[in-house]
Amino acid sequence: MTSTRREFLQNSAFALTVGSALPGARPETHSSGVVAAAPFRPVVTPNGATAPHRIVDGVKVFHLVAEEVRHTFAPGLDAFCWGYNGKVHGPTLEAVEGDKVRIYVTNRLETATTVHWHGLYVPSGMDGVGGLSQRSIEPGETFLYEFTLRHHGTFMYHSHHDEMTQMAMGLMGMIVVHPKSPSGPPVDRDFVYMLSEWRVIPGTRRPDPNEMTDFNVLTLNGKIFPATDPLVVRRGDRVRIRFGNLSAMDHHPIHLHGHSFTITATDGGDIPESARWPETTVLVPTGSTRTIEFVATEPGDWAMHCHMTHHVMTQMGHGIPNIIGLDPSLIDEKLTNAVPEYAAMAQGAMNESAQDLASETPPNSLPMVGGNGPYGTITMSGMFTIMKVRETEPSGDGGWYAPPAGTLARPATEAELSRDGIPK
Ligand SMILES: [Cu+2]
């Protein structure tokens with residue numbers, strides 16, 4: 001973080017204030033001093049932020065600073081990544097269809113960079129492909145991108161110079177353009193996620209951009225469970241979730257428990273209502289965005305996660321032998337001598353407490369799975385979070401759901417087993 005940027009961001013015209021007639025809406029501060037309610041419900045980027053802006057002569061002005069960021073994936077695992085404005089990933093850029101925007105990009109990296117506006121209609125010279133649409137932004141330079149947002153939707157921005165390295169280091173963020181004339185039912189909650197993947201070798205603090213297949217840190221907005229913020233909503237809320245995926249090599253089928261939803265848009269535009277169908281999992285291909293909508297009808301604590309099972313683990317040891325079905329007590333010593341990682345995958349290890357698991361890992365690394373839940377360890381990490389649906393306006397993180405009597409799975413009683421003819 002540089003003093004120049006800090007001054008820029010602390011400029012009073014950039015300060016965000018909250019509160020207006022529209023619940024959840026954010027007023028815009030114009031250079032004239034006039035404060036008007038935003039004509040849209042602002043998005044929430046869990047674990048992330050919305051980029052501040054100022055309005056100069058009717059133009060929305062943003063400033064992105066590409067720089068190294070010491071980023072914490074979850075307590076116990078951090079790395080020197082690259083981000084924007086001190087964040088991994090960069091803040092969400094939010095505007096309205098028809099807005100004219102000026103986006104300044106300052107390069108505080110030690111290497112050249114550019115920014116590409118993925119999915120937006122822009123003049124060719126504003127498209128940000130280093131060498132093709134512009135010369136790259138050298139360290140210390142500030143470039144200006146300027147265009148009009150011609151259509152609404154969910155888009156992304158990312159480096160388009162030495163992409164393999166710069167995106168593996170984290171240089172990306174989301175763009176939300178609200179429609180000028182909204183159609184369809186308004187939503188009560190509007191969440192934004194960037195899906196990405198990293199290779200961080202246990203004990204190191206630099207993501208490895210050379211990795212092609214074995215990514216071991218799979219993130220929702222740069223975080224892994226249990227550091228992923230829950231989505232806290234009220235029962236009956238209409239919820240929109242926008243996913244962007246800029247993983248190097250993987251798509252992510254994101255599954256939501258307890259509800260079904262409709263995929264309403266991609267980064268190519270809105271999907272006509274006649275072409276939508278119900279889903280419980282949305283496949284978000286790399287280089288794409290997918291937007292889903294549903295009404296949160298079911299109270300409870302509902303998992304939302306990538307359904308690729310290795311994407312809900314962290315820093316997994318893939319090279320270890322399959323010991324499922326073996327009695328480890330017979331071979332503990334031999335196996336541990338031969339395969340030091342064995343203890344981490346031993347049958348039964350999944351049931352250890354999150355604290356026990358954490359105590360067994362090398363410095364700056366995390367156990368493959370494990371967050372504390374109301375009934376024990378949640379054997380998940382990586383791309384996993386929780387949607388908490390509550391009857392009344394939730395406060396804070398919503399706590400844990402208290403299931404009504406008779407609605408919690410439990411050991412079967414003798415009487416029940418015999419009543420239904422189930423052998424023990
Ligand atoms: Cu995945």
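Author: Thr314 is located in the loop between β22 and α3; helices (H or I, at least four residues) and strands (E, at least two) are DSSP runs, numbered from the N terminus. The model is a predicted one, in which local features need pLDDT of at least 70 and side-chain atom pairs count only at pLDDT 80 or more, whereas totals for chains, interfaces and linings use all residues. Residues are numbered from 1 along each chain as its sequence is written, and side-chain values use heavy atoms, with hydrogens and water left out.

Thr314 counts as buried because its relative accessibility is 0%. The term buried stands for under 20% relative accessible area, exposed for over 50%, and partly exposed for values in between (1.4 Å probe, protein chains only). With residues up to four places away in sequence set aside, Thr314 touches Leu77, Asn216, Val217, Ile224, Leu366, Pro367, Met368, Ser381 and Gly382; contact here requires heavy atoms within 4.5 Å. Ser381 is also the partner in a polar contact of 2.7 Å between the two side chains.

His311 counts as buried because its relative accessibility is 7%. Among the residues in contact with His311, leaving aside neighbours within four places in sequence, are Ser381 and Gly382, together with Leu218, Asp250, His251, His252, Cys306 and Met383. The side chains of His311 and His252 are joined by a polar contact of 3.0 Å.

The copper ion has as its protein donors His252 (ND1), Cys306 (SG) and His311 (ND1), at 2.0 to 2.1 Å. Donors are N, O and S atoms within 2.8 Å of the metal (3.2 Å for Na, K and Ca); water is not among the atoms, so sites may look incomplete. Along the chain, the donors of the copper ion follow the spacing H-x53-C-x4-H. Cys306 counts as buried because its relative accessibility is 1%.

Another histidine deserves attention. His89 lies in the loop between β5 (77-84) and β6 (93-96), and it is buried because its relative accessible area is 7%. The side chain of His89 makes a polar contact of 2.8 Å with the side chain of Ser196, and a polar atom of the His89 side chain lies 3.1 Å from the backbone oxygen of Gly170. Beyond its neighbours within four places in sequence, His89 has contacts that include Met172, Met194, Trp198, Thr219 and Asn221. The C-alpha atoms of His89 and His71, 18 residues apart along the chain, are separated by 9.4 Å.

The rings come next. The structure holds 7 aromatic pairs; rings of Phe, Tyr and Trp (its six-membered ring) pair if their centres lie within 6.5 Å, and planes under 30 degrees apart count as stacked, over 60 as edge-to-face and the rest as tilted. One of these pairs is tilted, with Trp117 and Tyr157 at 6.1 Å centre to centre and 45 degrees between the planes. This pair links distant parts of the chain, since Trp117 belongs to strand β8 (residues 116-118) and Tyr157 to strand β10 (residues 153-158), 40 residues apart. Both Trp117 and Tyr157 are buried. Phe225 and Phe384 form an edge-to-face pair, 4.7 Å centre to centre with 70 degrees between the planes. Phe225 lies in the loop between β13 (217-220) and β14 (231-234) and Phe384 in strand β25 (residues 384-390), so this pair ties together parts that are 159 residues apart in sequence. Phe225 and Phe384 are both buried. Ring pairs also link Tyr84, Trp117, Tyr145, Phe147 and Tyr157 into a cluster.

As for the whole, the protein has 6 helices and 25 strands. Of its 424 residues, 50% count as buried. Among contacts between residues at least 6 apart in sequence, 72% join residues at least 24 apart.

Methods. Polar contact = N/O pair within 3.5 Å; in protein donor to acceptor, adjacent residues only side chain to side chain.
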